[in-house]
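User: Got a model open here and I'd like to walk through it with you. Can we take it piece by piece?

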Amino acid sequence: MLTHAQTRDRLIARRPAHALDRDLYCDDGVYQLDLDNIFYREWLFALPAPVLPKPGSFATLQIGAYPVVIVRSADGMIRAFHNVCRHRGQRLCATTTGSTPNLVCPYHQWTYGLDGKLLYARDMGEGFDPAAHGLKKVHCVDLGGMVFVCLAQVPPPIADLAKSLTAFLAPSGLTDAKVAHSSTIVEKGNWKLVLENNRECYHCSGSHPSLCRTFSDNPKFAAMSGPDEASAEILTHWKRCEAAGLPSRFTHADDMGWRLARVPLLNNAESYTMSTKAAVAKRMGTMPFNDAGTLLFYHYPNTWNHFLGDHAITFRVLPISATETEVTTTWLVHKDAVEGEDYDLKTLTEVWLNTNDEDRQVVEENQKGILSPAYEPGPYSPIQEEGVIQFVDWYAGLMTGRLAPQPAVAAE
Ligand code: FES
Ligand SMILES: [Fe+2]
């Protein structure tokens, strides 16, 4: 296993614009450092708010060693807690989603309110203080219907993202949406390979026949470097969408940790369907037309998303081990859209179910090749893989800084 210092040395020694060293994609020590320095410290996308439609709705997720439960409380607020009983540590909620009036531990029935307060604990004797045994909180924010959690004691700033994301998402009416479908797959590859694969479309023509009906794989088309700098086609699309009240122009974090932009689909396609037409008859929120393209939202380390005129698709990436990653995809439609009348589930989901499976295959084969001692990091294409270079730079920069030797505390 690579140590802290060895991992940092490998990151510092990496060749710019090249794939990473083998161990950075498979070593258990590096995996633990990724958890400690990124997944336990950054804001992570947890779920779209419609997964929790009413008070008492809950959902669970596993972030490295930490089981977390996210609950919609009686006041409508979404809150997150460590999914660990304060008695002897039982995991409180074992199912992925559910609904309950209170959170009751299955072991000895300690009972917590939806706000995490301990309401009931049988026979705990004199002097037992229920107020000191509420569930431990996890930082949680709902940004326009996208729920993020952070395990750090002090989370990183999120105000800039909150401002941009809520403005961009407002017309998509995520809070007035419902879950049409959800899929969770496990990809036998390191989480960084899953992200890298998502950040380029160099592979799209070879791997994604159904997605390529509607999504351009031309990097020149999608290239953008600022709110006024993009291809002529994208600038025209931004102007048309903005005139209809849709925030659209490329907006990003200073360190590129998140980015937002609305891009058109190919040939005025309306949605990610085989026919290129909308899959859902009722549009999302106040979306003014079907061919608004897709609002792309990335947030490192664990999400990319598409918000279209007729539906939205969210993606959550959670590492399971050095070489396994869980990817959860959720399809959202207007809450009043009725399956069988306003949409057909197969039409809505088939393109991204196919695409996810195709991506799973390329990531798994990528991991298998990297496990070979003969693997040598190759160069990224500066034309096709600029997004991958940017992701790897983000990762290496963050990790190198966080793994830096701490300055010695000066003696008094
Ligand atoms: S461990 Fe939860 S009630 Fe005992
Ligand atoms: Fe792909």
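Analyst: Let's start with a strand pair. Strand 3 (residues 66-72) and strand 4 run antiparallel and are joined by five bridges. Helices (H or I, at least four residues) and strands (E, at least two) are DSSP runs, numbered from the N terminus. Two strands pair if DSSP finds at least two bridges between them. This is a predicted model: local features need pLDDT of at least 70, side-chain atom pairs count only at pLDDT 80 or more, and totals for chains, interfaces and linings use all residues. Residues are numbered from 1 along each chain as its sequence is written, chains are lettered from A and ligands numbered from 1 in the order in which they are written, and side-chain values use heavy atoms, with hydrogens and water left out.

User: What is the bridge partner of valine 68 in strand 4?

Analyst: Histidine 82.

User: And what do strand 3 and strand 4 form?

Analyst: A hairpin, with five residues between the strands. Glycine 76 sits in the turn and has a positive phi of about 90°.

User: How many residues of strand 4 are buried?

Analyst: Four of its five, so strand 4 (residues 78-82) is mostly covered. Buried means under 20% relative accessible area, exposed over 50%, partly exposed in between (1.4 Å probe, protein chains only).

User: Which strand does strand 4 join through two bridges?

Analyst: Strand 9 (residues 137-143), again antiparallel. Alanine 80 stands opposite valine 138 there.

User: What's the order of the strands in the sheet?

Analyst: The open sheet has seven strands, ordered 1-10-9-4-3-2-5, with antiparallel pairing. Strand 1 (44-48) and strand 5 (97-99) are the edges, each pairing on one side only. Neighbouring strands are turned by 25° against each other on average, direction ignored. Axes are lines fitted to C-alpha atoms, for helices over the stretch in contact, and angles run from 0 to 180 degrees between N-to-C directions.

User: Which helix lies across strand 9?

Analyst: Helix 3 (residues 159-169) lies across strand 9 and strand 10 (146-150), at about 45° to strand 9. Contact means heavy atoms within 4.5 Å.

User: Switching to the metal. What are the protein donors of the iron ion?

Analyst: For the iron ion (ligand 2) they are His203 (NE2), His208 (NE2), Asp359 (OD) and Asp359 (OD), lying 2.0 to 2.8 Å from it. Donors are N, O and S atoms within 2.8 Å of the metal (3.2 Å for Na, K and Ca); water is not among the atoms, so sites may look incomplete.

User: Where do histidine 208 and aspartate 359 lie?

Analyst: The pair links distant parts of the chain, 151 residues apart. Histidine 208 is in the loop between helix 5 (204-207) and helix 6 (219-222), aspartate 359 in helix 8 (residues 345-370).

User: Buried or exposed, histidine 208 and aspartate 359?

Analyst: Histidine 208 is buried, and so is aspartate 359.

User: Salt bridges next. How many in the whole structure?

Analyst: A search finds 17. A salt bridge is a side-chain nitrogen of Lys or Arg within 4 Å of a carboxyl oxygen of Asp or Glu. One of them joins aspartate 291 and arginine 240 (2.9 Å, N to O).

User: Which residue forms a salt bridge with glutamate 242?

Analyst: Arginine 249, the closest N and O atoms being 3.0 Å apart. Arginine 249 counts as buried at 18% relative accessibility. Glutamate 242 is partly exposed at 35%.

User: Where do aspartate 357 and arginine 360 lie?

Analyst: Both are in helix 8, three residues apart, about one turn of the helix.
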